[in-house]
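Dear colleague,

Please find below the structure that I am handing over to you. My notes on the two chains and on the contact between them follow it.

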Amino acid sequence: MASILVIEDDDIMLKAVRNILGKDGYTILTAKDGKEAFDKLENETYDVVVTDLMMPYANGLEVVSRLRSDETKRHIGIIVISSVGNEETITEAFRLGADDYLKKPIMAGELLIRIRKLLSNKNSSSQLVTRKK
Amino acid sequence: MWKDLIDLLFQAYEQFSLLPLFIEIALAFIFIAILSTLVAYSAILYKRYRAYIYDKRMAYISPKIEDMITDQVLLNPNLGMDIPLENIEFDEQTLSDKMYRKPFVRQMLIDTLISYRKNFRGEVGDLLRKLYIDMGLEKDSFGKMKTLRWERKIKAVVELTQMDISISDVTILPLTNSSNPALRAAARNAYIQLSKNEPFKFFDIATEPLLPWDQLEMFKIITTTKDIAIPNFSRWVSYSTNKSIVSFCLKLIAHYDQQSAIPAVMDLLANKDHYFRADAINCLGKLSAEVAEDKLVKIYNNQPLNCQIEILQALGRIASGKHLEFLKSEFLYSSNFDIRMNAARSIIKHNTQNSRLMVEELMEVTDDENQLIIKHCLNPLIKY
C-alpha cells in the first residue's frame, strides 16, 4: 500500500488526517513542521506528501519547492491543505509543483478521492514510461 | 494570646505616633509596598497553580476526547455509505460515560469539536455537529448565554455559530445592540452567519455604533459566508438614524454594485454632516453613477476640502468625459495641492482621446510644479 507523509503543525488536524488516511489502508508517517518533514523526506521514500502551508521552520511552499527541485523525489505526489485561500498563494503552490490544493475546511471523502486519483495517475504514467523503455 | 498581640499592636502604634512625620510617611510607604508585593506574588502563584492544574487535566483528558471523536466521527463505519445523517447513531455507552458529565470536560469537548469543525466540512462536519447536539452540548452553550458575564456570553455565541445552531431572535437581537462593544460585535457577526432570511435585520434596531474594526470583520463575514441573502442596502441609507450603519451600508452598496440604490445615495448629498456626504460621493463614484455627475459639479464650490476631493475622484471613476473642462480648470487654477493632484489623476483616469490631448496640452502650458504632478499621475506604478 502507498505510503503518505502528512505534514501539519495543528495536532488535531494531524491526528485526524492520519486516522482518515490510515482507515483507507495507507501507511502514514507524520511531521509537525518543515524541519521534521525534511528529515523524514531525507531518510524515507513516500508516494504522496500531504502538507499544510503555514508551519514553523519551513512552510509548505518550501517543502513543495524542495521536493520538486530534487531529482530523486520529483515523482512524489503533493497535496497542499491550507486555510489560505487567496489566488496568489494557490497559484504559487501550483507553480512550484503541487499536484492539488484543498482549502480548509476540507471534506474527508474528497481528500481520499484526490489521493486515490493522484496515485492512479502516477501509476499509469510510470507504466507508460516503463513501456516506452 | 490575642490579648498579647493586641497589646503589642497598641505599643507599636504608640511608638509609631511618637516618630517624626516624614518617618511615619516613609514607614507607611514601606508597609504598603511590602503588602502590594505580597498580594501580587500570591495572585501570580495562584494563577500559575491554576494553569498548571488545567494543563495537567488537559494532558489527561484531551487524548481521551480526541480518541472518542476519532472513533465516533472520523472512523465511523457509516461514513461514505450514503446513509442519511439522522440515521447514523453513536455508541450510547461511550457518550454516556461519567467523564462527559463534568462541566470542565464538556467545555473541553466543545472546544475540540469546534477545532475539528474548522478543519472539516461535508459529512464529517455534519457528523461533528450531530455529536455536539446528541451529547447535549448545545444546552451547555445556551446555558452560558443566560449568564451575566459578557465573556461567557461571547463564548456561547461563538460556539453556537461555529456549530451552526440557530439562536432565536429574542435571545440574540438584544445582544446585537449591547453596550459592550465585544459582545455586540460577536452577536452581530453571529446573526449574519446564522440568519438565513434576514441576516441584516439587526440594522433596524441598532442604536450603538458599528466601530471601524467591527465593520472590517463584518465585511469579511458578509463576503465569505455562503448563500447569504443580500438585501438592498438603500433601505438603511434612507431610514436608519445610526450614522455608522449608513456609512457601512454605503460601502456595501458600492461593493455589491447596487445601482438601484443611486437615488437614495444621492439624497445624502443634502445631509448636513460633511463626512456623510464624502462617503456618499465616494459611493456614487464607485457605482459610476453618471446621473449624479452634474449634481456633484453643481455642489462642488459649497463643499469642504474632503468632499471636494471625493467629487474630483468620483468624476475620475465615472469618467463620462462631460466634465473634463471642469477638472482642467480645477487643475490649473486651484491653489490647493491635493485638489490639483486629484484633478490631474481624474483627467488621466478618463483615458480617452480627449483626455490624452488635454494632458498633452496641460504639459505645454502649465508651470513646473503642475508638470511634475502630471508626470507623477501618469506613472502606472503609482496606484490611484
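Helices (H or I, at least four residues) and strands (E, at least two) are DSSP runs, numbered from the N terminus. This is a predicted model, in which local features need pLDDT of at least 70 and side-chain atom pairs count only at pLDDT 80 or more, while totals for chains, interfaces and linings use all residues. Residues are numbered from 1 along each chain as its sequence is written, chains are lettered from A and ligands numbered from 1 in the order in which they are written, and side-chain values use heavy atoms, with hydrogens and water left out.

The individual chains

Chain A contains five helices and six strands, arranged along the sequence as β-α-β-α-β-α-β-α-β-β-α. Its C-alpha atoms occupy a box of roughly 45 × 30 × 30 Å along the principal axes. The radius of gyration (taken over C-alpha atoms; the globule rule is 2.2 Å times the number of residues to the power 0.38) is 14 Å for chain A, which agrees with the value near 14 Å for a compact globule of 133 residues.

Chain B has 20 helices and one strand. With 384 residues, chain B has a radius of gyration of 32 Å, well over the 21 Å from the globule rule, so it is more spread out than a compact globule. Its C-alpha trace spans about 100 × 85 × 40 Å along the principal axes.

The contact between the chains

Contact (heavy atoms within 4.5 Å) involves 14 residues from chain A and 18 residues from chain B. The buried area, that is, the accessible area (1.4 Å probe) that two parts lose on being put together, summed over both, is about 1,400 Å², with 60% of it on carbon and sulfur atoms.

Three salt bridges (a side-chain nitrogen of Lys or Arg within 4 Å of a carboxyl oxygen of Asp or Glu) are counted between chain A and chain B. One salt bridge joins the side chains of A:Lys15 and B:Glu66, at 3.4 Å from N to O. On the side of chain A that touches chain B, the elements giving two or more residues are helix H1 (11-23), strand S6 (106-107) and helix H5 (108-132). H1(A) supplies the largest share, seven residues.

S6(A) also pairs with strand S1 (residues 120-121) of chain B: the two run parallel and are joined by two bridges, and strands pair if DSSP finds at least two bridges between them. The bridge partner of A:Ile106 in S1(B) is B:Phe120.

Yours sincerely
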